[in-house]
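User: Please take a close look at the ligand site in this model. I would like the contacts first, then the backbone and helix geometry.

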Amino acid sequence: MNRSVETILAHLAEEGGVFDPFGATHMPIYQTATFDLKKQSGEKIYDYTRSDNPTRESLENVFTTVCGGVGTVCTHTGLGAVALLFETVLKAGDHILVENDTYGGTFRMLKVYRERMNITVHFADFCDLISVESLLKKHSIRLILIESPTNPGLKIIDLKAVAELARESNTIFAVDNSLATFYSQKPIELGAHFELFSTTKYISGHGSVIGGALVTGDESLLAKLRYTANAEARSQNPLDVHAVSLGLPTLPLRMKAHQESALKIAEWLENHPRVTRVVYPGLQSHPQHALAKTQMKNFAGVITADLESVELAERLVAQCHLFGEKCSFGTADSRIEIPGKISHASFSAEELAAIGISSSTVRLSIGLEHVDDLIADLAEVLNG
Ligand SMILES: *Cc1c(COP(=O)(O)O)cnc(C)c1O
């Protein structure tokens, strides 16, 4: 039976599929470094937690199921999943193609890879598939890595079309699904070889733990992925796996609540005279709203907005009470930031301008507070 994600996440321990003699409701924590080989007789043998651990394996099995993949590695951070992807597929001298509007930490890591492994990084606007196709024809590209929605630009990329182009040019295609989550969209079903995400964000949902996961949909890449995770020491420790798992049963409910409030706030901002542009995939005015509706089941809770002046953007961040000035997104508490100052500090002003972000742009992560309180909080500054 093909059960829905809500049902799978509500039965996490059973779905994890790891042997448990007591029928525990939640995944047991195997907080141990080693396992005695003489005391195991099952099909599956554990020896050392860096390579394999029953708690981590449970969560990995759940992610594999809900992402429609064939295998997963849970990593110590979301950026660790990006690193594991690079370590699994890249060789010295390779070319990689990424979206202009890429997570700041990934961008910074690419700078390191350029120097250390002589990797050539090509950037493209993936809303322009003609130029993506010509880059794929011109260079021998090993890996495409994109996010959709991008962050903070919130562009929607046609994942199925990119998967098609990747297949034609024999390129590995990976999607960073941290912002949309597997609740909203399924990159592997649309043809990606890899889906990765930071579990720090919506997946754990409470800002209490850092983690990530790299899921593959390709049987031929799985052994290499698992081998590399062990060799490069990327796996997550069992207590952090447990902390991530606590948020999972409520993920679908939280995503619905984030979306409902974000849509109301995006509409309110759009009608505010001191706000010059609002970007949210759920808005009719979003340039790729139609594509977003076909590809995503949920538009999540991140909004990007341009205010009438830099001074107003800075004042909004400084003076609203319910929105913390914090990086990251996807938590119960709302957040606000000026991307160039925090999350995208590794971008130059020109690089930010190329993706439509200026010093009067704010990024909001809408939390689980009552939406009327959030609007009143923003109004106090914007109407003041
Ligand atoms: C946060 C984030 C990451 C990195 O995750 P960490 O858990 O902070 O290491 C990677 N990609 C995207 C899109 C993110 O938002």
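Analyst: An N or O atom in the side chain of Lys201 is 2.6 Å from an oxygen atom of the ligand. That is a polar contact, meaning a pair of N or O atoms within 3.5 Å; within protein, one must be able to donate a hydrogen and the other to accept it, and residues adjacent in sequence count only if both atoms are side-chain atoms. Asp176 places a polar side-chain atom 2.5 Å from a ligand nitrogen atom. Leu79 uses its backbone: a polar atom there is 2.8 Å from an oxygen atom of the ligand. The protein buries 92% of the 380 Å² that the ligand exposes when taken alone. Accessible areas come from the Shrake-Rupley method with a 1.4 Å probe; for residues, only the protein chains shown count as cover.

The model is predicted: local features need pLDDT of at least 70, side-chain atom pairs count only at pLDDT 80 or more, and totals for chains, interfaces and linings use all residues. Residues are numbered from 1 along each chain as its sequence is written, and side-chain values use heavy atoms, with hydrogens and water left out.

Now the shell. The residues around the ligand include Thr77, Gly78, Leu79, Tyr103, Glu147, Asp176 and Lys201. Also among them are Ser178, Ser198, Thr200, Gly211 and Phe329. The shell divides into three nonpolar, six polar and three charged residues. Here Ala, Val, Leu, Ile, Met, Phe, Trp, Tyr, Cys and Pro count as nonpolar, Asp, Glu, Lys and Arg as charged, and the others, Gly among them, as polar.

Next, the backbone. The loop between β4 (141-147) and α7 (159-168) holds Pro149. Helices (H or I, at least four residues) and strands (E, at least two) are DSSP runs, numbered from the N terminus. The Ser148 to Pro149 peptide bond is cis, with omega near -5 degrees. Pro152 is also found in the loop between β4 and α7. The bond from Asn151 to Pro152 is cis, with omega near 15 degrees. Asn118 is not a glycine, yet has a positive phi of about 55 degrees. Asn118 sits in the loop between α5 (104-117) and β3 (120-124).

Last, helix packing. Axes are lines fitted to C-alpha atoms, for helices over the stretch in contact, and angles run from 0 to 180 degrees between N-to-C directions. Helix α6 (residues 129-138) packs on α7 at an angle of about 15 degrees, with axes 10 Å apart. That makes α6 roughly parallel to α7. Angles under 35 degrees count as roughly parallel, over 145 as roughly antiparallel, 65 to 115 as roughly perpendicular and the rest as oblique. Helix α3 (residues 54-67) meets helix α9 (residues 238-245) at about 40 degrees, with axes 8 Å apart. α3 and α9 are therefore oblique to each other.

Methods:
A residue is near a molecule or strand if one of its heavy atoms lies within 4 Å of it.
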